[in-house]
Amino acid sequence: MRANRVSRADSVGSGRGCAGVLILLVALLASTAASATEGSVDAHQWLERMTRAARELNYDGIFAYRNGSQMESMRIIHRGGPDGERSRLVSLSGNKREVLRDREQVICILPDDQSVLVAKTRPPELFTSALLSTRAGFADHYTLSTAGGDRVAGRSTEVITLQPKDEFRYGYRLWVDQESGLLLKSDLMGAGMMPLEQFIYTSINLLTEVPDSLLEPGLSGRALTWHTGEQQSPARSPETTSGWQVTWLPEGFMMSDHAKDPVPTSRTPVEQMVYTDGLASLSVFIERLDAASEPLDGLSAMGALNAFGRLVDGHQITAVGEVPLQTVEAVAKSVVRQ
C-alpha cells in the first residue's frame, strides 16, 4: 500500500527512522510566554532538561512501543558527549531490524526485506524529534503543566502535560526521570487527551561509558542490497527552492528542512518539505508518478500517523505526520504549483 511507502519516506527523509523505527530512536534521544504560570515555567524547565539528557547521557534500556494495535519491544544503546552521539536500536519482537546512527549517517538493517538503507545524518539542529525542539513561540500553541510524580521502570519521574490550544495538533504526556532527566515514558494524546501512541521503558541503566562493541551491529548486512541516498543541503524557503508551494499551515508551523530525492528506494525523484511548530511535525512529499506507481488519493491512517494524498498535474502530493487527519488534509489540499 502506498501509505506504507509514504510512512517509510517520512521516516528516512526527515531523520525519524526506517520503517517507523527511527522515530523511537530520536524521541528517546520551548521559551515560555511572559504571562505563563509558575507551573508551566517548571514544565518548560523539565523539557529543556529532558532535551539535554537525551543528547548527553550514556544509557542502555529496553522499552515497549505501542502504535494503534501494534506493540513492539526494543533495546536502545546510546552514547552522548562532546564527541557526538552514537546510538543503536535493536528490535526484540516482530521483524528483525537494527538502526545505527552517528554524526555522519543513519544505517537501517532490514534482513527480512533483504535490504540496508543508508542516509546522511541531518545537522544537529534538524536531526531532532519534535519533542526535542525548542524555539520562541512554542508555548503559544500548547498549555504546559506539571501533573505530579509517578514511577516508571522503578525510577521516580515528573509528569509533564502539553495540551494543544487548537484542533490541528495532538497533545503529549511525558514522564521525565527526576534523577537523570531522561524521558522514560511518552503518550501521544488525541481527542479528549486519549492516548494514541505510547512508549515506556521497562528497564534502563545509566552508564559511565559505552564500549564500541555495544554500538556495533548484531545483524550482518553484507549479503543484503544496500540503498544509499545522497541528499541536498537543507533549504529554508520553498518559494525560492521549489516549483511547489504550501499555501496553508496551522499557526506556528515553520519549515525546518527541505530535501530532494531523500528516499533511496524510490523509483522517481521525491521532494520533501518538513514543518514543525517546535513540538508537532509534518512532511509534504511531492513525487512524479510513473506507470508502475500506485497513487494515494484521500486519507490513510496507521496508528497516530496520518496521511492525505492527492494528484496534481501527474504528481503525487502527500502530507503525512503525527497530527490529526484534518491537518494533513488541509495542508495537502493547499499545495499548488508555482
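Student: How do I read a pair of aromatic rings?

Tutor: A ring pair is described by two values, the distance of the centres and the angle of the planes. In this predicted model, the search of the whole structure finds 4 aromatic pairs. One of them joins Phe 63 and Phe 199.

Student: Where do the two residues lie in the chain?

Tutor: Phe 63 is in strand S1, residues 59–67. Phe 199 is in strand S11, residues 195–206. The pair therefore ties together parts that are 136 residues apart in sequence.

Student: Is Phe 63 buried or exposed?

Tutor: Phe 63 is buried, with a relative accessible area of 1%. Phe 199 is also buried, at 5%.

Student: Which other ring pairs with Phe 199?

Tutor: Tyr 201 does. The centres of Phe 199 and Tyr 201 are 6.2 Å apart and the planes stand at 80 degrees, so this pair is edge-to-face. Tyr 201 counts as buried, at 3% relative accessibility. Phe 63, Phe 199 and Tyr 201 together form one aromatic cluster.

Student: Which residue lies over the face of Trp 175?

Tutor: Lys 185 does, at 4.2 Å from the ring centre.

Student: Now charges. How do I read a salt bridge?

Tutor: Side chains of opposite charge can pair when their charged atoms come close. The structure holds 13 salt bridges. Take Arg 101 and Glu 85, whose closest N and O atoms are 3.3 Å apart.

Student: What does the Arg 101 pair tie together?

Tutor: Arg 101 is in strand S4, residues 98–101. Glu 85 is in the loop between strand S2 (70–79) and strand S3 (86–91). The two parts are 16 residues apart in sequence. Both Arg 101 and Glu 85 are buried.

Student: How do Asp 166 and Arg 169 meet?

Tutor: Their side chains form a salt bridge, 2.7 Å from N to O. The burial labels need a cut-off here. Arg 169 has a relative accessible area of 3%, under 20%, so Arg 169 is buried. Asp 166 is partly exposed, at 25%.

Student: What is the N to O distance for Arg 337 and Asp 313?

Tutor: The closest N and O atoms of that salt bridge are 3.9 Å apart. The pair links distant parts of the chain, 24 residues apart. Arg 337 is in strand S20, residues 335–337. Asp 313 is in the loop between strand S18 (305–312) and strand S19 (315–321). Arg 337 counts as partly exposed, at 41% relative accessibility. Asp 313 is exposed, at 55%.

Student: Which residues are linked in a network of salt bridges?

Tutor: Arg 79, Arg 86, Asp 212 and Glu 216 are.

Methods:
Residues numbered from 1 in each chain as written. Predicted model: local features only at pLDDT ≥ 70, side-chain atom pairs only at ≥ 80, totals over all residues. Heavy atoms only, no water. Phe/Tyr/Trp six-rings, centres within 6.5 Å; stacked < 30°, edge-to-face > 60°. Helix = DSSP H or I, 4+ residues; strand = E, 2+ residues; numbered from the N terminus. Buried < 20%, exposed > 50% of the residue type's maximum accessible area, 1.4 Å probe, protein only. Lys NZ or Arg CZ within 6 Å of the ring centre and 35° of its normal. Salt bridge = Lys/Arg side-chain N within 4 Å of Asp/Glu carboxyl O.
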